[in-house]
Structure formats: structure tokens, C-alpha cells
Amino acid sequence: MSTGREPLDRQDRGPVAEAPADAAIACLREGRGERHEGRVFSSDLSVDEAILLKEVGYEPRGLVMASAIYHVGYTFTGLGQSSEITTLSEAMAQARNEVTHRLIADCRQVGGDGVVGVRLTIDMFEPARHLMEFVAIGTAVAGGPGALPRRQRRPFTSDLSGQDFYLLQRAGYEPLGLVMGSCVYRVGRQGLGQWMGRQGQNVELVPFTQAFYQARELAMERLQSQARQLGAEGVVGVTTTERGHAWGSRAIEFFALGTAVRLSGEEHRNLRPTMAVPLDDPLPATDPRAIRGG
Amino acid sequence: MDDRRPSGRGDGAGGMVPGEGPAARGGGRAPEAPGRQGPPPGRVERGEPSGMLDEAAGQARAEASIEALEHGGLPVSARQRLADAEAEGGAWTSDLSVAELAAVRAAGFEPLGMVLGSSVYRIGAQWGYRYFGAAGGGYSSVWYCPHRFAHEDMRTGYNWEHTLHERGMVEARNLAMSRMAEEAQELGAHGVAGVRLRFTRPEGVAGLVEFTAVGTAIHRPGAPPLPFPFTSHLSGQELGKLIGSGYVPCSLVMGICAIEVDPGCGMEWRMGSWSNTELPQISEAARRCREIAVDRLEREAAEVGDGVIGVEIEFSIHELPGEAKLLELFSLGTAVRRFSAAPMPEAPLAMMRLRDRR
């Protein structure tokens, strides 16, 4: 990866001619300085994320958002047997794919090479009526060490923060995209006779254990197959969630989400971290609730 | 604010709310700030303890303050507070923590004093689209019945923007921010750090909102004055890191949008169906709501900076009578300009904290 600028191991960090504060005031007074060109961007990057992304050569291009409101209702599949509810699994996967596609389209529109810090959430719009809002929000960025070859490809998406992203690049990896797997599973009911017979005993409910195992395996398998399709070397930051959404106790969704990565250079670069005892107190972040008011 | 750009994004929805502008420029303030010309009305001599005024003097002060506020000035007590701070032997105040203060000073700035701006505002009611049309302008769309045959529950759906509400919010914010910026300018500040913009809906009166902006005015000793002090909602440390890495904050910017969804029968029908499908009417409203709000945020930013960082988004859905919903999006961030594209003087050190998780 020696295309363009090499911000990672840059040697020419020369002394700054002017104190930053004076340069800053001059910029505000006269508009002087190495300003961003093109479109005015918005981003939900924190200051730390913004300056770390700048350090690896990425420029923010804009806040990108996509949402889709779906009606995903419970489908009757019979009692007894535990089984996957494929129509629901497919509906959930389709809705998430749809918002990811819209996010990528939005990213292309603002001239981004990828989206960092993607938050993929589901809001219950009206739980009683199974209305779900699928939302994806992130910041489109352009540039970076691999800027030239990537422009020809599909923009990447990643749920990694700016800090994670910086470390990933320094360690010699590049993100390929978000990968996810979903499985909606219905846990079967046990018969009354079984239930009566087991009162007062400590027993493992083996069919339940097996059902949960299978649902998780299916979700992870789908995630892995998506990663294989992208040509990934691995998946970082996998999070798994189990939620009943609005289906009550009848069905549970097992959902796995992560970022597929692969080595961009020859091999992994060791960061050699320094041990440190911090002397600072944790700072409270701005509380959005205070802005919105009660 | 006369150089406002024409509205973009097609059907007139992306237009700027009138009276909107970057907060620091003081939307509600007359250009020559009459409150500052000549002796301010009802100015009280410095050193007079404010708690010991008799009733008549208190009345006079209140009247003078209202007079000043109406003409874009500051209330008497605020003026007196600033005069006290500037006078010989006056101490500066700040709501910066010790660590923030150290970071601000390390970045080359010095605190001047806490500054505040506030406005209590009543937002008018806007009547329904179904009966009055989009009287206030803004985004609207009509969702006809998809069945193409007459039936009892046939109902046309509407999505429409509450422009009066949006305008009111923007103006109240501008008043609070411009009063804060005026206080900062009075102190000779270059900027205001750690602005907290607070928005409350006091109980009792419908449509009443209060915007308050509080922050610490800072200046760079020896640097030439700025036409408008910068404002940012960043902490002292964040300000230090930002300036140290080649960005300077310009102004706190805001973008809001409120869209009411009056569902048509198409939506009802889809919700009752067994199939799992998308609901285009609300999807569209939510998408437009985000798009318009962020567009407004970027327009505010375009007047002062290169982009916005730290955007916080609050999206809420309020239930209205008769199945209708109000989607409201509130976004806030700090507009920045880049003055140096060079990387940091030294690459950040990778470190492992020897501290237990909290």
C-alpha cells in the first residue's frame, strides 16, 4: 500500500510554523488555511474520531442515513416443534439488506469510499402492530491509504469507531464491509404431561438447549458465508443479540453482526503498545437528553 | 443573512427556514446592536448590591431590561455582571473543570468569563393539512387510496411539514445564541467553549419553549479580534485536541424538521395484512425528515465552515389524535474549518490502560 500519501509512518512531521491557536484565529478571520474542498460535510464523528481518521488520511464526506419501516409480523407455524421461521428470518434479512443498500447509495451520492461507525438499529414503531423501523446511520469517508484501488469497488461499511478504524489501518488491515446473520426461531412448547412430570426436579431442557444452539449456529453460519463472499480474512467485533422484538415469547431472533476485514499489505504490523496508568477522570459526554428537554 | 442560498432538493422542502442562520451570527439581532450604542438604558452603577434595590428601582430595572431585550440588547443585570468582570480587580468565572481549563490554556487560550443567553418563546399552533392545505409551505405529499374502488374506509393520507413549529424553534435558538455571543463579544472573546444549549418545554402554556445557552468565553491573548466569536459544544479537551490537529470550530449549528403523518387507508391496509412489507408512507416521511434536517444543518454550516462534526441526532415520534403521528428530528453539531491538513506532530501513541473497567 504505497499509493498516495503515507500518513502512518510519516517521517516529515516538520515543526509547525505558527502556533495552532494563531493559525486557527487567522483561519476564522480571513478564511485562510488548507480548507476542505467541495461539499460541506456533516458527521457524527467525535473530535477524537475525526482527528484519528484525518491521521490515516480519510476525509469525512457526510452523515449518511437510511431507514425503512417494515411490517414484520408473526407467522403461525404450528405448535410443538421448535423450528426456524424462515419467512421471518428472510424478512429481517431483507429489511437489513435494504437499509444497507440505501446507506451505500447515500454514501456514493456524497462521494464516499466507505461508511464508518455504522449503527444498525431497529426501533419499534408500534409494537402492537409489528411495525419496525430499520435504521442505519454512519459517516461517509473518502481517501485513506488504499484510496486508488478502492474507488473502483463498492463502498465499504463498518460498525467500527474511528479509534478502531485507526488501529485497524495501523495494524495493516482494511475493512471490506458489514456482515450479518439472522435467524428467527420459534421455541416449541412442551406438553402438559412433560411439564407435570418435571416439577420439583432439576433437569436440563435438552430440546431447548438444542434449539438455541441451532439458531445461533444458523445465524453465525450466515454471517460467515457473507464474509466468505466478500473474500474476507476474518471478521472483527462480532456482536450477537437475542431479541424477541414484538413477537413476545413466541419467537426469538438471533442476530450476529461484525465487520469483515482482510490484510491490505503483506503482513500484520505490530503496534507495540505502551503500558500507561491514566491520571485523568472520565469525562461526561454531552447528554443529548439535555438538548431535547423533557 | 441576505446571502441565503436558494432552496435545493427539488420540491421546496430543503429550503432554509426563514430567519435561520448560524447561531453565532445572531439571527434575532439588529445589525448595529442598538442596545450597545450610547449609555445602556437604565444602567446601574457597579458595586450596588442587587439584592437591596427597593421596589420602584426593581420595576425600573425590569422595564429597562425589557426595553433592551426588545431592541436586541442585554438585560440590565447581565450588563452589570459583564461590567463587574471587566473592571479592575474583577475575577473571571468559568464552568470549565480543572482538566478542561488546563487543556484550554495548553491550546493557547485564556478564559474570560461565563456567558449566557436565554429566550422564552411561544410557538404558534398550525392547523391540519386536510382542511387548510400546506399553508406554511414546506414538504408535503399526498397518499391516495391504492385500491382504486370506492369503499367505506377510503381515506387519503397526507404527510406535511410543521413549518411554523420549526421556524419558532430556530428563532428561539437564534435569540438565545445571539445573546450569549453578544455577552462574549462584550468581554472581547474569540470564542465560547463548552456551550450547552438547553431546550425545555415549561409546563402550563401550550407551545412554550425555553432555549438557554451557557458557556465560557475564551480569548487568545494578542490575536486580532474576530467579527463573531466562535461557539462550540465541545469540551475544553476536545477544543484543545481539535485545534492541535488543524481544525477550528466556527459555530454551533442546528437542523430540525417536523413532519406530520396522517395515515391514508393504504397504510392501514398494509398494517393489517399478513404479509411482511414496507410501509411507504411513513418510510418516506422518516426519510424526508432526516434528509431535510441534515440538509438544514449543512446549510447553516456552509455559511461558516467546511463541515460539521459531533452531530447528535434526536429522533422522536409523538402520537397525535386520530392515528396521526408527528416525526420530529433535532440535530446539533459544531461546524469546523480546517486550517492545516498536516498530520499531528507525532503519531498518537498506542497504549494499554492499566485501569479496571468501570
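User: Helices (H or I, at least four residues) and strands (E, at least two) are DSSP runs, numbered from the N terminus. In which helix does Gln210(A) lie?

Analyst: This is a predicted model, in which local features need pLDDT of at least 70 and side-chain atom pairs count only at pLDDT 80 or more, while totals for chains, interfaces and linings use all residues. Residues are numbered from 1 along each chain as its sequence is written, chains are lettered from A, and ligands are numbered from 1, in the order in which they are written. Gln210(A) belongs to the run of residues 206-229 of chain A, which is helix 7.

User: Is Gln210(A) buried or exposed?

Analyst: A residue is buried if 20 or more other C-beta atoms, placed from the backbone, lie within 10 Å of its own, exposed if 12 or fewer do, and partly exposed in between. Gln210(A) has 11 C-beta neighbours inside 10 Å, so it counts as exposed.

User: How far apart in space are Gln210(A) and Tyr58(A)?

Analyst: In sequence, Gln210(A) and Tyr58(A) are 152 residues apart. In space, C-alpha to C-alpha, their separation is 46 Å.

User: What percentage of the residues in chain A is buried?

Analyst: The secondary structure of chain A consists of 8 helices and 10 strands. Chain A has 294 residues, and the buried share is 43%.

User: What share of the contacts in chain A with a separation of 6 or more comes from residues 24 or more positions apart?

Analyst: Two residues are in contact if their C-beta atoms, placed from the backbone, lie within 7 Å. Of the contacts in chain A with a separation of 6 or more, those between residues 24 or more positions apart make up 77%.

User: How many residues from chain A take part in the contact with chain B?

Analyst: Chain B contributes 74 residues to the contact, and helix 8 (residues 280-302) of chain B gives the most to that side, with 10 residues. The side of chain B that touches chain A divides into 39 nonpolar, 15 polar and 20 charged residues; Ala, Val, Leu, Ile, Met, Phe, Trp, Tyr, Cys and Pro count as nonpolar, Asp, Glu, Lys and Arg as charged, and the others, Gly among them, as polar. The number of residues taken from chain A is 63.

User: How do helix 2 of chain A and helix 6 of chain B stand to each other?

Analyst: Axes are lines fitted to C-alpha atoms, for helices over the stretch in contact, and angles run from 0 to 180 degrees between N-to-C directions. The axes of helix 2 (residues 47-55) of chain A and helix 6 (residues 236-244) of chain B come within 9 Å and cross at roughly 15°. Angles under 35 degrees count as roughly parallel, over 145 as roughly antiparallel, 65 to 115 as roughly perpendicular and the rest as oblique. Helix 2 of chain A and helix 6 of chain B are therefore roughly parallel.

User: Which residues of helix 6 of chain B meet helix 2 of chain A?

Analyst: By class, this contact has 3 nonpolar, no polar and 3 charged residues. Val47(A), Asp48(A) and Ile51(A) in helix 2 of chain A meet, from helix 6 of chain B, Glu238(B), Lys241(B) and Leu242(B).

User: Which residue in strand 7 of chain B is the bridge partner of Tyr158(B)?

Analyst: Two strands pair if DSSP finds at least two bridges between them. Strand 3 (residues 157-161) of chain B has 5 of its 5 residues buried, so it is largely enclosed by the rest of the structure. Strand 3 of chain B pairs antiparallel over 4 bridges with strand 2 (residues 140-143) of chain B, and 4 bridges join it to strand 7 (residues 247-262) of chain B, also antiparallel. Tyr158(B) is the bridge partner of Val142(B) and, in strand 7 of chain B, of Asp262(B).

User: Which residues point the other way from Gly157(B), Asn159(B) and Glu161(B) in strand 3 of chain B?

Analyst: In a regular strand the side chains alternate between the two faces of the sheet. Opposite to Gly157(B), Asn159(B) and Glu161(B) point Tyr158(B) and Trp160(B).

User: Which residue of strand 11 of chain B stands opposite Met275(A)?

Analyst: Strand 10 (residues 274-276) of chain A and strand 11 (residues 351-353) of chain B run parallel and are joined by 3 bridges. Opposite Met275(A) stands Met352(B).
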